[in-house]
Amino acid sequence: MAIKKLLIANRGEIAVRINRAARELGIATVQVYSRADKDSLAVRLADEAIDIGPPQASKSYLNQAVILDAARSTGADAIHPGYGFLAENAEFAAAVEAAGLIFVGPTAQSIRLMGDKVAAREAAAAAGVPTVPGSAGRLETAEAAFALVDKTGFPVMIKAAAGGGGRGIRIARSADEFHHLMPQAQAEALAAFGDGGLYVEKLIEGARHIEVQVLGDGHDVIHCFERECSLQRRRQKVWEEAPSPSLAPAVRETLCASAVALAKAVNYRGAGTLEYLYDDSTHEFYFLEMNTRIQVEHPVTEMITGIDLVREMIRIAGGERLRIRQDEVRVCGHSIEVRINAEDPSKNFMPNPGTVSALSVPTGDGVRFDTMLYQGYTVPPFYDSLLGKLIVHDKDRPSAIRRLERALAELQVEGLATTKPLHQALARDAEVQAGRFHTAWLEPWLESHAAALTAPPPAAKVAP
């Protein structure tokens with residue numbers, strides 16, 4: 001293991017997660033923090049902590065120079081970027097390695113290739129992986145885009161070539177909408193990612209969002225099966241599970257093999273996720289993009305396979321070859337993760353930062369709560385609203401849903417509103433219990449179930 005001291009270039013629950021994984025490997029940790037996070041759990045847990053600037057992310061967690069200086073001054077020999085911030089920034093990965101440090105993740109070349117959605121589509125097609133019908137390359141002008149949709153027909157999705165997180169995406173159902181929305185998508189992409197390049201894909205109505213977890217060491221690649229991530233609000237995942245309740249074994253095998261083929265084609269190193277659209281009616285899947293980092297929802301994969309993905313990516317970055325063979329990866333049971341955000345579902349998910357006046361965390365077999373919270377902690381208003389992830393595991397999906405209901409009932413975060421009522425209502429919903437949903441299912445459901453997001457859940461029945 002070449003890594004003796006690891007600097008964590010992130011915050012919140014993922015910083016806590018990385019810290020614990022490193023400590024379990026006998027690696028010392030350095031936590032960088034903005035002044036808004038000086039009292040965070042990640043800072044408390046780390047062996048060392050270093051102030052990198054004011055609350056604004058651009059002056060702290062996105063400031064490459066100050067993070068590299070922090071690594072040098074503390075004697076760290078590796079940097080883990082977590083997710084978000086600089087995790088998929090190829091220039092940062094290159095700068096880390098140029099400074100003689102280890103970047104815990106893929107090479108800058110892989111990030112650059114797979115981070116450009118058009119280049120990633122081209123790589124997928126070259127590896128024989130199906131892609132959504134659409135543009136073969138970037139569409140720099142509205143005229144070129146319209147010539148394409150003349151052939152594909154409507155509806156279509158206009159998407160940013162760079163970035164992610166649902167930004168720079170518009171859906172056009174007619175020529176008039178297309179002409180109106182194309183400049184909006186281009187402006188949003190340019191503002192969010194510094195790159196106004198776009199591409200166009202045919203919109204597959206009622207599709208599921210399914211992703212495959214891979215691990216590679218730059219030579220070999222394995223998959224750790226798939227996750228179902230179709231329950232989304234404004235293209236942001238709220239509930240994830242593994243395995244998907246919709247895939248037949250033959251489709252699962254083909255899907256996961258395609259993910260391995262593409263990751264091998266780009267000599268992938270570390271943990272990564274390949275995202276697909278899946279059409280329930282035709283049983284066809286289409287590659288969307290690759291996330292060249294650890295995902296928020298990685299714990300459900302860990303729960304069904306027993307593989308600690310964060311530890312494995314640190315081992316690989318430290319020079320170890322992949323220790324797990326594909327035939328050793330098995331699915332055991334079912335796991336569900338729900339995101340507990342500091343948002344008020346009864347007020348259109350208004351952000352609700354504040355001080356945690358009391359905290360009670362569910363325990364027991366098959367229950368895990370990855371969080372940054374502790375009693376008395378004040379959640380700052382400057383960052384993503386994610387407080388933690390409640391993860392459950394059981395022998396099958398119905399049992400996992402029942403365990404989730406029990407764990408949600410026991411989870412108490414007082415002092416601020418959270419998305420807990422949303423997940424309680426979803427767990428009780430017959431369509432969710434049956435696995436009958438897709439990426440466009442949740443938002444209409446929210447409109448028709450507003451009362452369920454404020455009313456307390458029904459009292460549990462007590463057996464006589």
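Student: Which residues of α11 are buried?

Tutor: L309, V310, E312, M313, I314, R315, I316 and A317. "Buried" means under 20% relative accessible area, "exposed" means over 50%, and "partly exposed" is in between (1.4 Å probe, protein chains only). Bear in mind that this is a predicted model: local features need pLDDT of at least 70, side-chain atom pairs count only at pLDDT 80 or more, and totals for chains, interfaces and linings use all residues. Residues are numbered from 1 along each chain as its sequence is written, and side-chain values use heavy atoms, with hydrogens and water left out.

Student: What makes helix α11 "mostly covered"?

Tutor: Eight of the nine residues in α11 (309-317) are buried. The helix label itself is a DSSP run of H or I with at least four residues; strands are E runs of at least two, and both are numbered from the N terminus.

Student: What caps the N-terminal end of α11?

Tutor: That's D308, with a side-chain oxygen 3.3 Å from the backbone nitrogen of V310. A polar contact is a pair of N or O atoms within 3.5 Å; within protein, one must be able to donate a hydrogen and the other to accept it, and residues adjacent in sequence count only if both atoms are side-chain atoms. Just after α11, G319 takes a positive phi of about 105°.

Student: Which residues meet where α7 packs against α8?

Tutor: A142, A145, F146 and V149 in α7 meet A175, F178, H179 and M182 in α8, where contact means heavy atoms within 4.5 Å. In general, residues three or four places apart point the same way, because an α-helix has 3.6 residues a turn.

Student: Why is E228 called buried?

Tutor: Its relative accessible area is 1%, which means it falls under the 20% cut-off. E228 lies in strand β10 (221-233). Its side chain makes polar contacts with the side chains of R208 at 3.1 Å and S230 at 2.3 Å. Beyond four places in sequence, the residues in contact with E228 include W239, P245 and F437.

Student: And where is F437?

Tutor: F437 is in the loop between α14 (430-434) and α15 (442-448). At 3% relative accessibility, F437 counts as buried too. Not counting residues up to four places away, F437 touches R208, E228, S230, L231, E241, R397, E431 and V432.

Student: Why is D39 called partly exposed?

Tutor: D39 has a relative accessible area of 43%, so it sits between the 20% and 50% limits. D39 is in the loop between β2 (28-33) and α2 (41-45). The C-alpha atoms of D39 and Y377 are 7.5 Å apart, although 338 residues separate them along the chain. Leaving aside neighbours within four places, D39 is in contact with R44, Y374 and Y377.

Student: What makes the F154 to P155 peptide bond cis?

Tutor: Its omega is near 0°. The bond from A242 to P243 is cis as well, with omega near -5°. P155 lies in the loop between α7 and β6 (156-160), and P243 in the loop between β11 (236-242) and α9 (249-265). Most peptide bonds are trans, and most residues other than glycine have a negative phi.

Student: What phi does F85 have, and what phi does N348 have?

Tutor: Neither is a glycine, yet F85 has a positive phi of about 45° and N348 one of about 55°. F85 is partly exposed at 30%, while N348 is exposed at 54%.
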